[in-house]
Amino acid sequence: MKDYLYDGSFDGLLTAVFYAYTEKEPIRLFKETSYRPYLLSEPVVVKTEMDKSDRVYQGICSRLSHTTLTNIYYLYLSEIPDSETLAFEYIKLCFKYTDTINLAKNNDIIRTVDKYAKRVLMESHRLKGFVRFKEVTPLVFYAQIEPDHDILPLILGHFKKRFSDQHFIIHDLKRGYAIVYDLKEAYLHDLSIEQGEKLLHFTEGDPFEELFKSFYKSVTLEERINDRQRRSYMPKRYWKHLVEL
Amino acid sequence: MELQEKLEILSGAAKYDVSCSSSGSKRSSKTGDLGSVSTSGICHSFTPDGRCISLLKILLTNYCIYDCAYCANRRSNDITRAAFSAEEVVDLTINFYRRNYIEGLFLSSGVFKNPNHTMETLGSIVKKLRIEQGFKGYIHLKAIPGASQELIDEAGLYADRMSVNIELPSDESLKLLAPDKKKQDIFAPMKQISSNIVLHQEERKKYKRTPLYVPGGQSTQLIIGATPDNDFSILTLSQKLYDKYDLKRVYYSAYVPVNTGAHLPEIKNPPTLREHRLYQGDWLLRFYGFRAEELFTEERPNFDINFDPKTNWALNHLGHFPIEINDAPFNLLLRVPGIGVRSAQKITSARRLAPLSYPDLKKLGVVLKRAQYFITCRSKYHGSVDLDEDKIRHVLTPKLDLNELDNPYEQLTLFDKPSSSQLLLPPMHAKLLLVEDRPTALTGEI
Ligand code: SF4
């Protein structure tokens with residue numbers, strides 16, 4: 001068995017898929033940074049090559065479908081440990097049986113792909129609600145998040161459209177980068193935890209945070225407390241960055 | 001009075017209005033605008049009771065000239081009264097919005113001076129938000145029963161959704177508990193909003209510049225258990241509202257007594273399981289192609305709370321079953337207990353490639369615990385008992401009689417004995433945990 005290690009970029013993943021495709025033996029795919037060597041397999045470091053990645057990308061678009069490509073992208077964003085190997089198996093399956101194999105909702109690979117993609121989409125939808133901005137200086141807003149999956153690229157458009165008249169930064173602390181919007185463009189940019197802390201230094205007591213807290217308290221129906229339900233919609237791991245909790 | 005205290009009073013007073021939806025609207029916005037609406041709706045937080053917080057839900061004021069028996073704000077109650085100024089509402093909305101706390105504003109009010117004055121003030125606030133502040137977020141506005149046609153016409157130009165709460169499902173109940181409101185006053189604005197919506201939609205087809213009118217549609221709320229109205233008449237009313245006025249949602253709210261009074265029932269235990277079953281029944285009307293007349297008979301005008309409404313229906317119509325998974329059309333699959341919209345879609349998708357086997361069904365999300373009695377798979381019946389009403393009813397009946405448990409006049413005694421960990425749960429929570437078929441997000445939608 002061989003373990004292909006790529007640099008963590010989407011192009012890197014597609015390059016690894018390109019080379020893995022020609023192998024006869026079972027292949028597993030990992031990010032170089034998160035790889036833990038395994039006794040029975042041989043690690044192979046794959047360097048990203050844009051032309052190879054392009055060929056895989058075009059091949060999927062033309063011979064499979066955009067939906068399939070999107071699924072692969074979601075698998076990549078999911079950062080679930082076996083997701084890259086799954087992506088590879090998924091691509092092989094689709095090329096073997098054509099894109100219609102996606103209809104086989106009882107197939108284990110298709111089911112797992114759907115499940116992971118759903119998790120990523122679910123989290124990006126949730127975070128559209130759970131992002132909490134702090135006003136650092138008038139009309140400049142900063143938020144911290146720590147999502148399970150790498151969802152910043154998926155929420156960028158939403159926030160850009162919604163808050164087009166205010167500067168904002170949405171900082172993924174786990175991955176050390178952020179969405180930055182400067183009233184013209186929204187882009188992804190590296191941002192360290194320390195830089196984030198500096199931004200927070202500017203904030204002073206925000207009266208609206210207090211107001212939102214009292215709003216949160218007073219809309220609760222004491223007669224119907226149901227904490228299990230609350231946690232199923234809003235899992236505890238997100239609470240850290242929610243001002244009302 | 002401090003803003004904080006006002007907010008506490010006036011959001012606390014609005015909390016029994018259960019609707020929270022921010023979905024279904026469309027309103028274009030361009031760069032430089034503040035705000036957008038999301039077609040699927042977004043929850044920004046969840047209350048400890050598990051409801052979605054999507055909108056800044058407040059009353060403009062809790063002063064009221066009326067005296068509806070069930071309402072905490074009724075004239076005869078001795079409570080602290082407060083009122084926001086228009087600026088305060090605008091300020092709160094914009095600042096909460098910019099911090100991404102909310103999708104927008106839900107503005108309701110007690111009736112002060114008279115219905116027209118109230119409606120006019122509400123209308124002027126949303127106009128201010130839209131015109132002066134250029135706010136493009138979601139606005140849900142209450143239409144005040146009895147307000148003039150012109151005021152409602154105008155307010156609808158700025159709102160994404162409007163609602164008039166019917167609250168009481170029948171004329172008699174209304175007379176008894178809300179003597180100041182006439183049925184006519186409630187249905188007139190509803191009718192008017194719905195015909196305005198149609199009118200504007202038609203116009204927009206011809207002239208692109210026609211303004212939007214309540215693009216997110218209307219909703220209403222019914223109180224469950226404050227009056228003797230049965231489930232049949234409640235869902236028949238909902239069906240009428242969906243058919244005739246094209247309502248987007250009807251919300252149901254188990255009656256929680258905040259007042260006492262001659263005409264009010266002495267409820268010790270809000271009928272939340274019944275509320276849950278009504279939401280499920282409502283779901284059947286809107287997404288599963290059922291009609292209210294199919295779900296009930298004159299002799300059985302209430303759901304048996306022990307079963308979900310679809311199982312109820314299936315048990316009473318066993319002649320329609322079993323259904324063959326591999327060739328039944330989509331709309332018949334939807335009628336099988338344990339098969340939801342999503343699993344029905346997966347079935348029709350997967351069987352295009354190859355006939356499905358029984359173990360496949362579990363992978364497709366079918367709840368076999370219920371579905372097994374109503375289907376065949378490759379012509380084989382897999383139920384643990386014969387296809388016989390009594391036998392199936394027997395295996396599906398929960399050990400605890402949920403009808404007893406939901407009896408509004410009995411205090412819950414079930415968990416009095418310190419026999420299980422459930423003792424730690426508040427009764428309301430415990431009660432809903434007993435329902436096996438808890439679908440996601442019924443009362444609070446995502
Ligand atoms: S009109 Fe509304 S606020 Fe006034 S008493 Fe009746 S329900 Fe309450």
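Biologist: What makes strand 7 and strand 8 of chain B part of the lining of the second largest pocket?

Modeller: Strand 7 (218-224) and strand 8 (249-254) of chain B each give at least two residues to that lining. Helices (H or I, at least four residues) and strands (E, at least two) are DSSP runs, numbered from the N terminus. This is a predicted model, in which local features need pLDDT of at least 70 and side-chain atom pairs count only at pLDDT 80 or more, while totals for chains, interfaces and linings use all residues. Residues are numbered from 1 along each chain as its sequence is written, chains are lettered from A and ligands numbered from 1 in the order in which they are written, and side-chain values use heavy atoms, with hydrogens and water left out.

Biologist: Why is this called a pocket and not a cavity?

Modeller: On a 1 Å grid over the protein atoms alone, a cavity is a set of points where a 1.4 Å probe fits but cannot get out, whereas a pocket is an open set with protein on both sides within 12 Å along at least five of seven lines. The second largest pocket holds about 740 Å³ of space, a volume being the space filled by probe spheres set on grid points joined across faces, edges and corners.

Biologist: What makes a residue part of the lining?

Modeller: A lining residue has an atom within 4 Å of a point. Of the 33 residues that line this pocket, B:A13, B:Y70, B:C71, B:N73 and B:E167 are the closest to its centre.

Biologist: Why is the pair A:E135 and B:R99 called a salt bridge?

Modeller: The term requires a side-chain nitrogen of Lys or Arg within 4 Å of a carboxyl oxygen of Asp or Glu. In A:E135 and B:R99 the closest N and O atoms are 2.9 Å apart, so the pair qualifies.

Biologist: What does the salt bridge of A:R132 and A:E244 tie together?

Modeller: Their N to O distance is 2.9 Å. A:R132 lies in the loop between helix 5 (108-130) and strand 4 (134-137) of chain A, and A:E244 in the segment after helix 9 (227-233), so the pair ties together parts 112 residues apart in sequence.

Biologist: How do you know that chain B is in contact with chain A?

Modeller: Contact means heavy atoms within 4.5 Å, and 68 residues of chain B are in contact with 54 residues of chain A. The two chains bury about 5500 Å² between them, 57% of it on carbon and sulfur atoms; buried area is the accessible area (1.4 Å probe) lost on putting two parts together, summed over both.

Biologist: What makes the bond between B:F321 and B:P322 cis?

Modeller: Its omega is about 0 degrees. B:P322 is in the loop between helix 10 (309-316) and strand 9 (323-324) of chain B.
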